[in-house]
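Visitor: I am new to this structure. Could you show it to me and take my questions one at a time?

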Amino acid sequence: MTGGYDERCAADLAAVCDGRDLSRADRAWLARVVTGAVRPNRDKPLWDLAHALAALAKATTARNGRDLVTLALDPGLATAGAVELRFVDSGAADARGPVLGEDWRTSWAGLARLLALAEFVLTAEDLAQFAAVTGWLDDLAAAPDAEGAAFLSKRLARHLSAYRNDHLPLAPLERRFRAILGFLAGRRAFTDDDILAFWRSEMEAGERPGFRTVAEHFVTFEAGAHLVGGLEGLSAPVSLDAHAGWEERIDAALGDLAASEPAETLAALLADWPEGPKILTGAEREDLADFLRLEPFHRTRPLTTLRAASFGQVQSGIANRLRRGGGGAEVAERATCAEAESYAALHERAGALAAHLARMLRIAAALRIAERDGLTPEAQAALEAAEADLRRVRRAGFEDRPALAAGFAAAETALLRLAEEADRLERALAALARQRPLDAAFAADRSVFAAAFAAAYAGEAAA
């Protein structure tokens, strides 16, 4: 990946830039437009392009979109001088450049750049969208006015947005960062309540994102904020434009973020848990996944972890019900959060998981240590306690000691990490409980989530 886009996008850009022999400045402009690095409105060049094509359709009395395609693909129209020479005497231009009524105008240099953008839109991905875009130009040629240009600009914006999603791996990250930064007014620091407030604002806007999904976006945002440093510049285009090399700095930092994902997250450890002795039951794995999926928030933002585990589960139930075509009384009942698991109950469950994993670690140690002569009294006592735990366990695969030892050895690395993180979770929740009584926090949050669910899903509940 180069500059935030993939090899396909790089090849598409090179084909236009080299074919038209564009200047360095024009190449940079085209790359910024394609990648969306235009401030403050990334779609403004597409609006300009649509109006330029409408002006050219009038000036050349284009019969259909093919006439406009011919102009867009003409490498002889790559410079301001060439474009002016061709169109200065047209009926849709004056001495300064093309004009379409009173709504739009540009310079001859601007028109040359826009024609390069038109070629990119037509030829990208080995002409994969050529027929579709040509059809849109047919519609414009039939009605080359401001209304037709506005309609074409919307089509082009959707088209290029889809292209970015396919060929700019960092585009989703930037969109999330931009929305969160806008909400935080440029701040990089945030609290658990900021996460909740952002989710509520999205719900009120009709987006209806899952609370757990929003929390995951804040996990990525926090990691990105540490890497990028001046990330607040994404919401301040003037300061970005004034900062030399800002595109390269952000591309490099976001590239570091994309490459900095842990090789094996806690969720991946649980998903790839080895077969063999039932160190963890399916229910225990699901519980751990629910608590640890927002890594590292389970140890740094335990309140968000509780909110996701309790009310995120409620929202998932509502969404699943609606996806199955249901609604009515069941959705209305779930929206009240009457079935939400209390924070105190979640804390108790997290403590039980941490205790279970600690016990499994002691058993793993007992299975590894064959020679016990010379151990300290404390170590002997710990091993005896582990042996007692092993005798009490009634799980599949725990009967055959040699096979059990091999199974624990295979899971040792994952078990050690999960036990450590479960202990951190339990300690973080205990500290939260000392600072903020969990019963009161749960009651307050239930009223907030219930109100948001009722407003967001009222229509389906009434169905």
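Guide: This is a predicted model. Start with Thr-304, which has 0% relative accessibility. Buried means under 20%. Thr-304 therefore counts as buried.

Visitor: Which helix does Thr-304 lie in, and what does Thr-304 touch?
Guide: Set aside residues up to four places away in sequence. Thr-304 then touches Asp-192, Ile-195, Phe-211, Ala-215, Leu-294 and Phe-297. Its helix spans residues 302–323 and is H17.

Visitor: Are H17 and H21 roughly parallel or roughly perpendicular to each other?
Guide: The axes of H17 and H21 come within 9 Å. They cross at roughly 100°. Angles of 65 to 115 degrees count as roughly perpendicular. H17 and H21 are therefore roughly perpendicular.

Visitor: Which residues in H17 and H21 meet, and how do they divide by type?
Guide: From H17 come Pro-302, Leu-303, Thr-305 and Leu-306. In H21 they meet Leu-425, Ala-428, Leu-429 and Leu-432. The residues of this contact divide into seven nonpolar, one polar and no charged.

Visitor: Is Asp-423 buried, exposed or partly exposed?
Guide: Asp-423 lies in helix H21. Asp-423 has 35%, so the label is partly exposed.

Visitor: How far apart in space are Asp-423 and Leu-353?
Guide: In sequence, Asp-423 and Leu-353 are 70 residues apart. In space, C-alpha to C-alpha, the separation is 8.7 Å.

Visitor: What is Phe-218 in contact with?
Guide: Leave aside its neighbours within four places in sequence. The contacts of Phe-218 include Asp-194, Ile-195 and Phe-198.

Visitor: Are H7 and H8 roughly parallel or roughly antiparallel?
Guide: H7 covers residues 130–142 and H8 covers residues 146–167. Their axes come within 9 Å and cross at roughly 170°. An angle over 145 degrees counts as roughly antiparallel. So H7 and H8 are roughly antiparallel.

Visitor: Which residues make the contact between H7 and H8?
Guide: H7 provides Val-133, Trp-136, Leu-137, Asp-139 and Leu-140. H8 provides Gly-148, Ala-149, Leu-152, Arg-155, Leu-156 and His-159.

Visitor: Where is the cis peptide bond at Pro-296?
Guide: The bond runs from Glu-295 to Pro-296, with omega near 5°. Pro-296 is found in the loop between helix H15 (282–292) and helix H16 (297–300).

Visitor: Cys-337 and Asp-21 have positive phi values. Is each one buried or exposed?
Guide: Phi is about 65° for Cys-337 and near 50° for Asp-21. Cys-337 sits in the loop between H18 and H19, and Asp-21 in the loop between H1 and H2. At 0% relative accessibility, Cys-337 counts as buried. With a relative accessible area of 64%, Asp-21 is exposed.

Notes. Residues numbered from 1 in each chain as written. Predicted model: local features only at pLDDT ≥ 70, side-chain atom pairs only at ≥ 80, totals over all residues. Heavy atoms only, no water. Axes fitted to C-alpha atoms, helices over the stretch in contact; angles between N-to-C directions. Helix = DSSP H or I, 4+ residues; strand = E, 2+ residues; numbered from the N terminus. Parallel < 35°, antiparallel > 145°, perpendicular 65-115°, else oblique. Contact = heavy atoms within 4.5 Å. Buried < 20%, exposed > 50% of the residue type's maximum accessible area, 1.4 Å probe, protein only. Nonpolar A, V, L, I, M, F, W, Y, C, P; charged D, E, K, R; others polar.
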